[in-house]
Amino acid sequence: MSVIDQFPADIPDQVELVSTRREGDLLWITIERPEVMNCLSFPTLKRLRTLLEEVAGDPSLRCILFTGAGERAFCAGADLKERRGMPDERVPLFVRNIRGLMDDVEALPQPTVAVINGFAFGGGTELLLACDLRVATPRAQFGLTETTLAIIPGAGGTQRLPRLIGKSRAKDMILTGRRVDAREAHAMGLVNRLAEGEGLEALRASALEVAGAIAANGPVAVRAAKAAIDQGSELPLREGLEVEARCYERVLPTKDRLEALAAFAEKRPPRYLGA
């Protein structure tokens, strides 16, 4: 079933809510709602999920970068103004789709980088948790603040956060609803890298450094390595090693593997084609 069928028919398809920009083999996906801190409305979820369904099958994309428009916020989570006026019977469908968005992001075969340009609360933190890597401006703030609103993180936060930073640290954030700054987030492993400056250009440079390093490697190998980690890391070691062996088999017949050997012998950079 297509993701479009998981939304009520009266939810408009507003393409302007999410923009895309391709830079070579990289793709930027930007939530374009800076006036409301890039929060996630029903139409925004529909646009994001539809878009991800399209890009998941594009083998020419070597890395996908997620960010929010403006300098204030990456994503402030669910659109609470919309939620206040939402009929009770529609709320579970909204929750399923915001959870579905995070699952869509995590399931992308391409490596993903969250580029965090400001506040990331609630569903915004859950969105960056679904990405493979996270790069943030030093002025970013993070939090799974749902318990302060008498609910719990419902889009993967209670499961992905402890797997990333440990159960005790995750409980500290979730049960208190407290916010953490970028440096604390980096120290606990929630953020992989901090930009060297506070401006958007410094953040963009740091994000492109990460994405470029990924894109320079063998595309089939990168996807296989991501799959091996995602599918095997929560399994017992013996089963995880079996997953790794199956993923390794995917790279053996590739032309890129032979190109790597030839480039090494000829002392030149490899030219990977993703085949």
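Which residue in S3 is the bridge partner of Thr30? The partner is Thr67.

This is a predicted model, in which local features need pLDDT of at least 70, side-chain atom pairs count only at pLDDT 80 or more, and totals for chains, interfaces and linings use all residues. Residues are numbered from 1 along each chain as its sequence is written, and side-chain values use heavy atoms, with hydrogens and water left out.

**Sheet**

Helices (H or I, at least four residues) and strands (E, at least two) are DSSP runs, numbered from the N terminus. Two strands pair if DSSP finds at least two bridges between them. Six strands form an open sheet with mixed pairing, in the order S1-S2-S3-S5-S7-S10. S1 and strand S10 (193-194) are its edge strands, each pairing on one side only. Strand S2 (residues 26-31) and strand S3 (residues 63-68) run parallel and are joined by six bridges. Helix H4 (residues 123-130) packs on the sheet and touches S2, strand S5 (112-116) and strand S7 (133-136), where contact means heavy atoms within 4.5 Å. The direction of H4 makes about 145 degrees with that of S5; axes are lines fitted to C-alpha atoms, for helices over the stretch in contact, and angles run from 0 to 180 degrees between N-to-C directions.

**Aromatic pairs**

There are three aromatic pairs in the structure. Rings of Phe, Tyr and Trp (its six-membered ring) pair if their centres lie within 6.5 Å; planes under 30 degrees apart count as stacked, over 60 as edge-to-face and the rest as tilted. Two of the pairs are tabulated.

| Pair | Centre to centre | Angle between planes | Class |
|---|---|---|---|
| Phe7 and Phe42 | 6.0 Å | 70 degrees | edge-to-face |
| Phe119 and Phe121 | 5.3 Å | 25 degrees | stacked |

Phe7, in the segment before strand S1 (18-23), and Phe42, in helix H1 (residues 42-55), are 35 residues apart, and their pair links distant parts of the chain. Both are buried, that is, under 20% relative accessible area, with exposed over 50% and partly exposed in between (1.4 Å probe, protein chains only). Together with Phe94, Phe7 and Phe42 form one aromatic cluster.

Phe119 is partly exposed at 21% relative accessible area, whereas Phe121 is buried at 8%. The charged end of Arg179 sits over the ring of Phe121, 4.1 Å from its centre; the criterion is NZ of Lys or CZ of Arg within 6 Å of the ring centre and within 35 degrees of the ring normal.

**Thr44**

Thr44 lies in helix H1 and is buried, with a relative accessibility of 0%. Leaving aside residues up to four places away in sequence, Thr44 touches Leu17, Val18, Ile31, Arg33 and Cys39.
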